[in-house]
Amino acid sequence: MASVLTQLVQELRAGRIMVVDLSQPLGPETPVIGLPPMFAPSPPFSMEVISRYDERGPAWYWNTISLGEHKGTHFDATVHWITGKDLPDNTCETIPAHRLVGPAAVIDVTDDVARNHDFLLLPEHIAAWEERHGRIPAASWVLLRSGWSRRHAPADFLNVGHNGPHTPGFHKTASELLARERDILGVGVETVGTDAGQAGTFDPPFPNHAIMHGAGKFGLTSLCNLDRLPATGAVVIAAPLKIVGGSGSPVRVLALVPA
Ligand code: MN
């Protein structure tokens, strides 16, 4: 009898399970979250050639890259927020690998977000989702499908108005429900951060960060292709670089999805 893994390989080769890339390209144009001017900003992505088949290295091409940890499609470790600073295994290199892989629970709020850029997920939306799809699975990545990744121009993606950014996120009561009453790995979003654009003005500020990381949960941001995932049934692999003491890392997020 074929083992589950042998069967997985067969299904992948036959195209009955697809690998869907949930990551955005990472380069100099990749938007980064803006902060009020009294706070230190994250630098842009830059890349410098070390050699490219030339006198510096005749047969090889390689680069030096420089970027903030929280750039593009990236992973938020629990140490990222002050609420998670004393938790065990809270930095990138200490997270047990099994906590990076789990089933996806995809909550589609695309229509709500089209009507209201400041849309916040509420417990009632989670209840409605669970009514249709069952309880959010154990050890799952909860992915907020907002359609925001269709905004390709950085200005549209960041959507900053005269009173700050306007992008969707989680109401603190939804974050509390997910972090404390469900057994999740963390949440993932299509926007630049796991909090709503206006969350700096919320009480507490940036509640999703404060609640999730305080509960030992992770974050994934700037995801795309969530519209290619079923509400349940996909498996997500989100492995940050093993940066010693790292608070986060660019991440290639892959989903295994039934065709
Ligand atoms: Mn981050």
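This is a predicted model: local features need pLDDT of at least 70, side-chain atom pairs count only at pLDDT 80 or more; totals for chains, interfaces and linings use all residues.
I'll start with the metal. The manganese ion is coordinated by three residues: His70 through ND1, His74 through NE2 and Asp76 through OD, at 2.1 to 2.2 Å. Along the sequence, these donors follow the spacing H-x3-H-x1-D.

Now take histidine 70 on its own. Where is histidine 70 found? It lies in the loop between strand S3, residues 57–66, and strand S4, residues 74–76. Is histidine 70 buried or exposed? Its relative accessibility is 16%, and buried means under 20%, so histidine 70 counts as buried. Histidine 74 is buried as well.

What does histidine 70 touch? Leaving out residues up to four places away in sequence, the list is Val32, Phe75, Asp76, His80, Ser247 and Gly248. Two of these contacts deserve a second look. The side chain of histidine 70 makes a polar contact of 2.8 Å with the side chain of serine 247, and another of 3.4 Å with the side chain of histidine 80.

Next, the strand. Strand S11 covers residues 184–189, and six of its six residues are buried. Which strands pair with S11? On one count, strand S7, residues 140–145, runs parallel to S11 and is joined to it by five bridges; here tryptophan 141 has glycine 186 as its bridge partner. Strand S12, residues 218–221, also pairs with S11 in the parallel sense, over three bridges.

Last point: S11, helix H6 at residues 207–214, and S12 together form a right-handed β-α-β unit. That's the end of my part.

How values were computed
Residues are numbered from 1 along each chain as its sequence is written. Side-chain values use heavy atoms; hydrogens and water are left out. Helices (H or I, at least four residues) and strands (E, at least two) are DSSP runs, numbered from the N terminus. Buried means under 20% relative accessible area, exposed over 50%, partly exposed in between (1.4 Å probe, protein chains only). A polar contact is a pair of N or O atoms within 3.5 Å; within protein, one must be able to donate a hydrogen and the other to accept it, and residues adjacent in sequence count only if both atoms are side-chain atoms. Contact means heavy atoms within 4.5 Å. Donors are N, O and S atoms within 2.8 Å of the metal (3.2 Å for Na, K and Ca); water is not among the atoms, so sites may look incomplete. Two strands pair if DSSP finds at least two bridges between them. A crossover is right-handed if, with the strands pointing away from the viewer, the path from the first strand over the helix to the second runs clockwise.
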